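Subject: A structure for you to look at

Hi,

Here is the structure I promised to pass on. Have a look at it first, and then read on for what turned up in it.

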Amino acid sequence: KPAAPVVSGPADVYVGELAEFSAEVHDPAGNSLRVFVAWGDGDTSDYGEFVGSGRVAYFEHRYVTADTFEVRARCHDAEPLFSDWFGPRRVAAVNP
């Protein structure tokens with residue numbers, strides 16, 4: 001099964017500002033993977049396009065309230081075999 005994606009991005013964001021995050025994916029079989037992100041505020045990403053193992057998928061998200069959120073992510077291959085969940089990665093959304 002694929003490894004859990006590793007999410008990178010800002011630890012602090014301004015409320016209302018679009019923030020960019022990335023998720024690096026790895027599959028021991030070398031399969032391409034799609035990534036799903038749960039942003040911790042009740043919103044989720046759609047599964048993105050398939051990206052090659054060892055590559056990075058990019059996502060954008062905008063928090064609308066000030067709080068600390070726990071970002072989690074997982075991926076799957078075409079079979080689909082699902083990874084474990086990554087996270088949580090804490091992100092603090094603060095008022096500008």
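A word on pairing before the sheets: two strands count as paired if DSSP finds at least two bridges between them. The strands themselves are DSSP runs (E, at least two residues), numbered from the N terminus. Please keep in mind that this is a predicted model, where local features need pLDDT of at least 70 and side-chain atom pairs count only at pLDDT 80 or more, while totals for chains, interfaces and linings use all residues. Residues are numbered from 1 along each chain as its sequence is written, and side-chain values use heavy atoms, with hydrogens and water left out.

**Strands and sheets**

An open sheet is built from 3 strands in the order β1-β3-β5, with antiparallel pairing. Its edge strands are β1 and β5 (56–62), each of which pairs on one side only. On average, neighbouring strands of this sheet are turned by 25 degrees against each other, direction ignored; for such angles, axes are lines fitted to C-alpha atoms, and the angles run from 0 to 180 degrees between N-to-C directions. Within the sheet, β1 and strand β3 (residues 18–24) run antiparallel and are joined by 3 bridges. Valine 7 has alanine 23 of β3 opposite it.

Strand β7 has pairings of its own. With β6 it runs antiparallel, joined by 6 bridges, and with strand β2 (residues 12–14) it pairs in the parallel sense over 3 bridges.

**Salt bridges**

How many salt bridges are there? The count comes to 3, taking a salt bridge as a side-chain nitrogen of Lys or Arg within 4 Å of a carboxyl oxygen of Asp or Glu.

One of them joins the side chains of aspartate 84 and lysine 1, at 2.7 Å from N to O. Aspartate 84 sits in the loop between β6 (67–76) and β7 (86–94) and lysine 1 in the segment before β1 (6–8), so this pair ties together parts that are 83 residues apart in sequence. I use "buried" for under 20% relative accessible area, "exposed" for over 50% and "partly exposed" for anything in between (1.4 Å probe, protein chains only). On that scale lysine 1 is exposed at 55%, and aspartate 84 is partly exposed at 46%.

Glutamate 70 takes part in a salt bridge with arginine 90, at 2.8 Å from N to O. That pair links distant parts of the chain, with arginine 90 in strand β7 and glutamate 70 in strand β6, 20 residues apart. Glutamate 70 also meets arginine 72 in a salt bridge, at 3.4 Å from N to O.

**Aromatic rings**

Rings of Phe, Tyr and Trp (its six-membered ring) pair if their centres lie within 6.5 Å; planes under 30 degrees apart are stacked, over 60 edge-to-face, and the rest tilted. There are 4 aromatic pairs by this rule. In one of them, phenylalanine 36 and tryptophan 85 have ring centres 6.1 Å apart and planes at 70 degrees, so the pair is edge-to-face. Phenylalanine 36 lies in strand β4 (residues 34–38) and tryptophan 85 in the loop between β6 and β7, 49 residues apart. Phenylalanine 36 is buried at 18%, whereas tryptophan 85 is partly exposed at 39%. In another pair, the rings of tyrosine 63 and phenylalanine 69 have centres 4.5 Å apart and planes at 15 degrees, so they are stacked. Both tyrosine 63 and phenylalanine 69 are buried. Ring pairs also join Phe36, Tyr47 and Trp85 into a cluster.

**The nonpolar core**

A nonpolar core here is a set of buried Ala, Val, Leu, Ile, Met, Phe, Trp, Tyr and Cys residues joined through side-chain atoms within 4.5 Å. Of the 22 residues in the largest one, Val7, Val35, Val37, Trp39, Phe59, Tyr63 and Val71 touch the most other members. Two or more residues each come from β3, β4, β5, β6 and β7, and β6 gives the most, with 4 residues. Leaving aside neighbours within four places in sequence, tyrosine 63 is in contact (heavy atoms within 4.5 Å) with residues including Trp39, Phe69, Val71 and Ala93.

Enjoy exploring!
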